[in-house]
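Here is a friendly note to read alongside the model. Take the points in order, and look up each residue as you go.

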Amino acid sequence: MNHSIFGLITLLLCLSACAVSGKDPAAKLVHPASAAVGDDFANVPVQKVNDPLQGFNRTMFGFNDELYTHALRPFAHGYVKIVPRPVRTGISNFFDNVQFPVRFINSVLQGKLKRSAQEAGKFVINSTAGVGGLIRVSDHVSGLADVPAEDFGLTLGVWGIGAGPYIVVPVLGPSDCRDMVGFAGDYVMSPLNWHTLGIIHCAYISNGVSIALSGVRYVNALPKNVETYDQLKSGAVDPYIAVRDAYLSYRSAQIKK
């Protein structure tokens with residue numbers, strides 16, 4: 001499916017979901033999932049969970065879980081065995097560098113001018129000294145390491161737009177109404193999609209190449225995503241609740257950074 005069409009469908013689905021009231025009476029206070037992974041999920045405040053679509057979401061969660069278990073996890077393990085860690089790290093660094101416009105534009109939109117300057121500095125250093133972004137030299141530069149990444153979903157949150165109902169998207173996983181709109185915004189800002197969207201025209205780049213690059217990015221990130229998912233599920237009494245609460249807590253904490 002053409003990426004621009006997919007983005008439009010995603011946006012329409014999101015707007016339909018937003019029609020469900022964000023003041024659902026079933027919303028409740030929950031603590032972050034105890035199975036949450038890493039410090040990113042620690043020390044976040046109690047928050048309301050807006051999950052009026054839980055029946056649908058659990059069905060999609062089950063579908064995604066089966067997909068991860070029987071297809072994506074074996075594929076990810078095979079990819080790790082075939083592609084050495086340094087190569088995977090270089091690919092990850094390259095795509096992170098390519099995504100500079102997404103982080104820079106959203107930093108500006110949020111009024112975080114210092115952070116936008118940091119993103120510009122990272123891009124220049126990694127693109128030059130880092131050999132086109134393959135090496136993340138900025139990690140060793142004071143003031144440029146560990147800069148929180150911004151996206152359009154976070155921008156909408158900073159602007160005061162509510163998250164809306166929690167939604168589990170087939171294949172893509174946990175999200176909410178605001179982040180689905182944010183996904184569409186980030187899609188437009190990403191250079192990987194500029195040719196497909198007609199923003200730039202280059203005789204040497206086809207839509208197939210753009211889609212292939214996005215595919216490589218997804219596949220390379222798959223092992224880490226599968227590992228995180230497995231850790232979230234491990235020991236959870238209700239994996240659906242564990243993943244949902246961890247996702248919402250993490251996104252809420254990101255907005256406050």
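Before the points, one term: a residue is called buried at under 20% relative accessible area, exposed at over 50%, and partly exposed in between (1.4 Å probe, protein chains only). This is a predicted model, where local features need pLDDT of at least 70 and side-chain atom pairs count only at pLDDT 80 or more, while totals for chains, interfaces and linings use all residues. Residues are numbered from 1 along each chain as its sequence is written, and side-chain values use heavy atoms, with hydrogens and water left out.

1. Strands β3 (residues 166–169) and β4 (residues 173–176) run antiparallel and are joined by 4 bridges; strands count as paired if DSSP finds at least two bridges between them. Strands (E, at least two residues) and helices (H or I, at least four) are DSSP runs, numbered from the N terminus. The hairpin has 3 residues between its strands, and Val171 in the turn has a positive phi of about 75 degrees.

2. Now look across the hairpin. Val168 sits opposite Pro174 in β4, and Val169 sits opposite Gly173. Both faces of β3 are covered, with Tyr166 and Val168 buried on one side and Ile167 and Val169 buried on the other.

3. Which residues does Asn57 touch, leaving out those up to four places away in sequence? They are Asp51, Tyr166, Ile167, Val168 and Tyr240, where a contact means heavy atoms within 4.5 Å. Asn57 belongs to helix α2 (residues 54–82) and is buried, at 0% relative accessible area. A polar atom of the Asn57 side chain lies 3.0 Å from the backbone nitrogen of Val168.

4. Another asparagine to find is Asn220, in helix α8. Asn220 is buried, with a relative accessible area of 10%. Not counting residues up to four places away in sequence, Asn220 touches Tyr79, Arg88, Ile91 and Ser92. The Asn220 side chain also reaches the backbone oxygen of Arg88 at 3.0 Å. The C-alpha atoms of Asn220 and Val87 are 9.7 Å apart, although 133 residues separate the two along the chain.

5. Helix α8 (residues 207–233) also holds Tyr218, which is partly exposed at 37% relative accessible area. Together with Phe63, Val171, Leu172 and Phe183, Tyr218 forms a nonpolar patch on the surface, with about 430 Å² of accessible area in total.

6. How many salt bridges does the structure hold? There are 13, each being a side-chain nitrogen of Lys or Arg within 4 Å of a carboxyl oxygen of Asp or Glu. In one of them, the closest N and O atoms of Lys112 and Glu150 are 3.1 Å apart. This pair links distant parts of the chain, 38 residues apart: Lys112 is in the loop between α4 (100–109) and α5 (113–128), and Glu150 is in the loop between α5 and α6 (152–158). Both residues, Lys112 and Glu150, are buried.

7. Glu119 and Lys122 form a salt bridge too, at 3.8 Å from N to O. Both lie in helix α5, 3 residues apart, or about one turn of the helix.

8. Arg251 and Asp151 meet in a salt bridge at 3.0 Å, N to O. Arg251 lies in helix α9 (residues 239–255) and Asp151 in the loop between α5 and α6, so the pair ties together parts 100 residues apart in sequence. Arg251 counts as buried because its relative accessibility is 10%, and Asp151 is buried at 16%.

Conventions:
Patch = residues over 30% accessible without salt bridge, like charges linked within 9 Å, V, L, I, M, F, W, Y side chains within 5 Å. Areas by Shrake-Rupley, 256 points an atom, 1.4 Å probe, with all protein chains shown as cover. Polar contact = N/O pair within 3.5 Å; in protein donor to acceptor, adjacent residues only side chain to side chain.
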